[in-house]
Amino acid sequence: MTQALRQHDRTLPLTLKDCYQGPLAHFTPPFIGDVAPSRAIKASRWQSAELLEQDIARHAERYPGGDLRAITSLWSKWHFSAMAIPTLAAHLLLNRDLPVGLDDVQVIVNDHGCTQGLWLPHEGKKFCTLDTNERFATLINQHWEPLIERLSAISGAAPRVFWSNAGGYVDYYVNALATHPLVNQGALTATRTLLTSRTLNGQRNPLFEPVRTYQPKDSEALKRVRKLCCLRYLLNDFEVCSNCPLEGCDRVARHR
């Protein structure tokens, strides 16, 4: 274990729940223990495209006749946010690899079928490395990658749309957790590398630069924009996001 990780271990809180302070104060930590809440469902069911489609259909009821690509993208944003918060908190504050693979995690959904909480069987194991590939193998290889493959297949939206959604939340919560009093600087650097490296495990990194910063003309303020649109503008209920990359994208564009 590196010196940076050893030094950080001396002041670690006992549980993930202890980390929910500062920038995490308004979030709810996952349930952890031997018995999952009765309302939790196993994420492993989403290894079946048919069952995943059934679960997203519940969310689609909010948008009768709505574009399935946009509906599925919105559903994924709820889920990726719920996954990113505790996973990154464990990485950056506890130096732990949570059991967030599809076979281990269970999700708690709201009235519209979207993920609002998690149950985990335990608090994971300690990392002994700052290697970005190894630290994110569980989240990416065992959860996001197979799930995104199925989300794309059932919706018709390109996989990169979902990777952009996931990466956007990693970017947001990494920046938020950088201000946490318990943050491990070595782990923070390793996590930011996930967003700044063009390759991951020798392959193209689908999480590379999900959000970019530029200075608009006639403005001194910097603006952060997503690399890809989340497609929510395809639904009548929404305008474009404030950080949408599609300049001029509006309701008229839906009918072109």
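Which strands does helix 3 lie across, and at about what angle does helix 3 run to strand 5? What we have here is a predicted model.

Let's start with the whole chain. The secondary structure comes to 7 helices and 10 strands. Along the principal axes, the C-alpha atoms fill a box of roughly 60 × 50 × 35 Å. How does the radius of gyration fit with a compact globule? For 256 residues, such a globule would come out near 18 Å, and this chain has 19 Å, so the two agree.

Please look for 4 strands that form an open sheet, with mixed pairing, in the order 1-5-4-2.

Helix 3, residues 68-94, lies across strand 4 and strand 5, and its direction makes about 40° with strand 5.

Next, the empty spaces. Rolling a probe the size of a water molecule over the atoms shows where empty space is left. The largest pocket holds about 650 Å³ of space. Its lining has 31 residues, and those closest to the pocket centre are S81, A82, I85, Y169 and Y173. Two or more lining residues come from each of helix 3, strand 5, helix 6 (159-177) and strand 10 (223-226). Which element gives the most to this lining? That is helix 6, with 7 residues. By class, the pocket lining has 16 nonpolar, 10 polar and 5 charged residues.

Finally, there is 1 cavity of 30 Å³ or more, and the volume of the largest cavity is about 40 Å³. Around the largest cavity you will find R226, C229, C230, R232, Y233, V240, C241, C244 and P245. That lining divides into 7 nonpolar and 2 charged residues, with no polar ones.

How values were computed
Residues are numbered from 1 along each chain as its sequence is written. This is a predicted model: local features need pLDDT of at least 70, side-chain atom pairs count only at pLDDT 80 or more; totals for chains, interfaces and linings use all residues. Side-chain values use heavy atoms; hydrogens and water are left out. Two strands pair if DSSP finds at least two bridges between them. Contact means heavy atoms within 4.5 Å. Axes are lines fitted to C-alpha atoms, for helices over the stretch in contact, and angles run from 0 to 180 degrees between N-to-C directions. On a 1 Å grid over the protein atoms alone, a cavity is a set of points where a 1.4 Å probe fits but cannot get out, and a pocket is an open set with protein on both sides within 12 Å along at least five of seven lines; lining residues have an atom within 4 Å of a point. Grid points are joined across faces, edges and corners, and a volume is the space filled by probe spheres set on the points. Ala, Val, Leu, Ile, Met, Phe, Trp, Tyr, Cys and Pro count as nonpolar, Asp, Glu, Lys and Arg as charged, and the others, Gly among them, as polar. The radius of gyration is taken over C-alpha atoms; the globule rule is 2.2 Å times the number of residues to the power 0.38.
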